[in-house]
Amino acid sequence: MISTLPVVATNCQIFVIDTPELVEPALSDLQNGDLIGFDTETKPSFRKGERNTVSLLQLSNSKRCYLFRLQMLGQDERIKNFLENPEIKKVGLSVRDDFRALSRWMNVAPTNFIELQYYVKAFGIEQMSLQKIFAIIFQRKISKRQQLSNWEAPALSEAQQLYAATDAWACREIYYELRRVIG
């Protein structure tokens, strides 16, 4: 049972990217990674039929996770180009939903993505949520307490930052652990 498992969180350094000057150094660091963990967060809507634009893009390498505050950065060609770069391998879960959310932010065609929901099936894992997949593989749980928080708040709390960074980091960890298993 997942609720009884110990909670895990990333130990990556977390950087909030909320001004245009911070975008280029973050993307430069990420381009040096062999695999980038990916996720997005959107401010929840509690009204039927209402959908918000994606608020946060999380990209993680082995040591650092960058949280791009898209509502503060606006449309940024550098981020778009990174997501579309076929030479940079990226991994995420439910990426189709993330791509749909990103397309409401900017016309982007993400390239070279590994969808963990398909990848884990080859290992007999039928669960499709990040929390459940992580628990099956590592016997640890990812806290989802911040999932429905306000991702457009003027400043992200430390708990929000850790939650967001952990989701992108966890995608990398799952992929690498399954790769290790198959040798």
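A nonpolar core is a set of buried Ala, Val, Leu, Ile, Met, Phe, Trp, Tyr and Cys residues joined through side-chain atoms within 4.5 Å, and buried means under 20% relative accessible area, with exposed over 50% and partly exposed in between (1.4 Å probe, protein chains only). The model is predicted: local features need pLDDT of at least 70, side-chain atom pairs count only at pLDDT 80 or more, and totals for chains, interfaces and linings use all residues. Residues are numbered from 1 along each chain as its sequence is written, and side-chain values use heavy atoms, with hydrogens and water left out.

**View A. The largest nonpolar core and the surroundings of Leu83.** The largest nonpolar core has 25 residues, of which Leu59, Phe68, Ile79 and Leu83 touch the most other members. Two or more residues of this core come from each of helix H1 (20–31), E3, E4, E5, H2, H3 and H4; helices (H or I, at least four residues) and strands (E, at least two) are DSSP runs, numbered from the N terminus. Another core, of 20 residues, lies apart from it and includes Val8, Ile114, Tyr119 and Tyr175. Residues up to four places away in sequence aside, Leu83 is in contact (heavy atoms within 4.5 Å) with Phe38, Leu57, Leu59, Lys90, Leu102, Val108, Pro110, Thr111 and Phe113. In soluble globular proteins, nonpolar side chains tend to be buried together.

**View B. The six-stranded sheet.** The strand order in this open sheet is E2-E5-E4-E3-E6-E7, with mixed pairing; two strands pair if DSSP finds at least two bridges between them. Strand E2 (13–17) and E7 are the edge strands, each with a single partner strand, so one side of each has no neighbour in the sheet. On average, and with direction ignored, neighbouring strands are turned by 25 degrees against each other. Axes are lines fitted to C-alpha atoms, for helices over the stretch in contact, and angles run from 0 to 180 degrees between N-to-C directions.

**View C. Strand E5 and its two partners.** Five of the six residues of E5 are buried. E4 and strand E5 (residues 64–69) run antiparallel and are joined by five bridges, and a hairpin connects E4 to E5 through three residues. Leu57 has Phe68 in E5 as its bridge partner. The pairing of E2 with E5 is parallel, over five bridges, and Val16 stands opposite Leu67 in E5.

**View E. The buried side of helix H4.** Which residues of helix H4 (residues 95–105) are buried? They are Val95, Asp98, Ala101, Leu102 and Trp105. These residues lie on the same side of H4, because they cover an arc of only 120 degrees around the axis; the arc is that of the directions from the helix axis to the C-beta atoms. Their cover includes strand E3 (36–42), strand E4 (54–60), helix H2 (70–73), helix H3 (77–84), strand E6 (90–92) and strand E7 (113–115).

View F. A disulfide is a pair of cysteine sulfur atoms within 2.5 Å, and the whole structure contains zero of them. Cys171 is in no disulfide either, and its nearest cysteine sulfur, that of Cys65, is 10 Å away. Cys12 is buried at a relative accessible area of 8%, and Cys171 is buried at 2%.

**View G. Two residues with positive phi.** Most residues other than glycine have a negative phi. Asn112, in the loop between H4 and E7, has a positive phi near 60 degrees. Asn112 is partly exposed, at 32% relative accessibility. Gln139 has a positive phi of about 55 degrees and sits in the loop between helix H6 (130–138) and strand E8 (141–142). The relative accessible area of Gln139 is 45%, which makes it partly exposed.

View H. Met1 lies in the segment before strand E1 (7–8). Met1 is exposed, with a relative accessible area of 80%. Its C-alpha atom is 9.9 Å from that of Ile136, 135 residues away along the chain.
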